[in-house]
Structures are given as structure tokens and as C-alpha cells.
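Visitor: Hi! Could you walk me through this one while I look at it on my screen?
Guide: Happy to, let's open it up.

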Amino acid sequence: MAIVTFELVHGYQMGESTHMEVGLRKLTTGDYIDAQLAAEKVVVQNGKALSYTSDVLMGLELLCRQVEYIGAIQGPFTIKDVRKLHEDDFQLIQEQAEALDNQLAEALAERGRSVGGA
């Protein structure tokens with residue numbers, strides 16, 4: 001599986017070490033299922049149990065799973081781990097993850113065009 005790497009601006013602090021290199025990977029079917037389950041909440045309203053999925057929580061859960069490593073620290077990461085990032089680094093990881101997702105979508109679209117045109 002291909003991994004996209006880049007450097008953080010401020011780094012991820014773990015103990016005395018600051019980790020700079022991030023590796024992002026393509027999401028798997030299992031990642032989507034696990035993120036969906038983690039983002040699902042059950043509430044009781046008018047005596048009935050209802051379940052819903054938070055889109056924000058789902059997005060964060062997916063991002064956590066997409067980070068393969070930060071420096072010497074191997075994923076998967078938790079939301080608690082990601083909260084430790086400087087906001088610039090968090091934004092950079094989001095942008096890089098979105099770019100990776102867009103590249104994959106474009107590759108699928110191109111495959112569809114080449115198959116459809118044959």
C-alpha cells in the first residue's frame with residue numbers, strides 16, 4: 001500500500017521527542033466500517049433508543065485511521081492523540097489526507113473513462 005509522506009511544521013511531541021514525518025495511507029473498507037461504528041451514538045428520546053452518526057466524529061475517526069505513523073510512532077492514532085497536534089499541523093494533515101483522497105478519486109474516474117472508451 002502506497003504511503004504519502006510529508007513533514008509537520010511544529011511536530012508531534014511524545015515525551016522528550018518531537019516527531020516530524022507523517023505517513024498517510026489509503027483508507028480501507030475496514031477503516032470506513034470501524035469509523036462508522038466509532039462515530040455512532042445511541043440516545044434515548046421520548047423513551048425510545050435512537051442511533052445516529054456524527055459526521056464530524058466520523059471524519060475525525062477516518063483521519064485517525066489514515067495516519068499510518070508520525071515519526072517513530074505507529075498508528076492507528078486516537079482522537080485524543082490527534083488533539084495534541086498544533087492547529088497548523090492538524091490543518092496540514094487534513095489537507096494532505098484530502099489531496100490523497102482526491103488523487104484516488106481521480107484515478108478511479110480515469111479508469112472508468114479508459115474502460116468506457118474502449
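This is a predicted model: local features need pLDDT of at least 70, side-chain atom pairs count only at pLDDT 80 or more; totals for chains, interfaces and linings use all residues.

Guide: One term before we start: contact means heavy atoms within 4.5 Å. Helices (H or I, at least four residues) and strands (E, at least two) are DSSP runs, numbered from the N terminus.

Visitor: Helices, then. Which residues of α1 meet α2?
Guide: From α1 they are Asp31, Tyr32, Asp34, Ala35, Gln36, Ala38 and Ala39, and they meet Leu57, Met58, Glu61, Leu62 and Arg65 in α2. By class, that contact has 7 nonpolar, 1 polar and 4 charged residues. For the classes, Ala, Val, Leu, Ile, Met, Phe, Trp, Tyr, Cys and Pro count as nonpolar, Asp, Glu, Lys and Arg as charged, and the others, Gly among them, as polar.

Visitor: And at roughly what angle do the axes of α1 and α2 cross?
Guide: Roughly 140 degrees, with the axes of α1 (residues 29-39) and α2 (residues 55-66) coming within 8 Å. That makes α1 oblique to α2. Axes here are lines fitted to C-alpha atoms, for helices over the stretch in contact, and angles run from 0 to 180 degrees between N-to-C directions. Angles under 35 degrees count as roughly parallel, over 145 as roughly antiparallel, 65 to 115 as roughly perpendicular and the rest as oblique.

Visitor: Is the crossing of α1 and α2 left-handed or right-handed?
Guide: Right-handed. A crossing is left-handed if the near helix is turned anticlockwise from the far one by less than a right angle, and right-handed if clockwise.

Visitor: OK, switching to strands. What's the order in the open sheet?
Guide: The open sheet has 4 strands in the order β1-β2-β5-β6, with antiparallel pairing. β1 and β6 (73-74) are the edge strands, since each pairs on one side only. Two strands pair if DSSP finds at least two bridges between them. Helix α2 lies across β2 and β5 (67-70), running at about 60 degrees to β5.

Visitor: How many bridges join β1 to β2?
Guide: There are 8, between β1 (residues 3-14) and β2 (residues 17-25). In that pairing Ile3 stands opposite Arg25, and Val4 is opposite Leu24. The two strands form a hairpin with 2 residues between them, and Gly15 in the turn has a positive phi of about 65 degrees.

Visitor: Which residue in the turn between β3 and β4 has a positive phi?
Guide: Asn46, at about 55 degrees, in a hairpin with 2 residues between the strands. Asn46 is not a glycine, and it is exposed, with a relative accessible area of 75%. Strands β3 and β4 pair in the antiparallel sense over 6 bridges, with Val44 opposite Ala49 and Gln45 opposite Lys48.

Visitor: Last one: where is the cis peptide bond?
Guide: It joins Gly75 and Pro76, with omega about 5 degrees. Pro76 is in the loop between β6 and α3 (79-82). As background, most residues other than glycine have a negative phi, and most peptide bonds are trans.

Technical notes
Residues are numbered from 1 along each chain as its sequence is written. Side-chain values use heavy atoms; hydrogens and water are left out. Buried means under 20% relative accessible area, exposed over 50%, partly exposed in between (1.4 Å probe, protein chains only).
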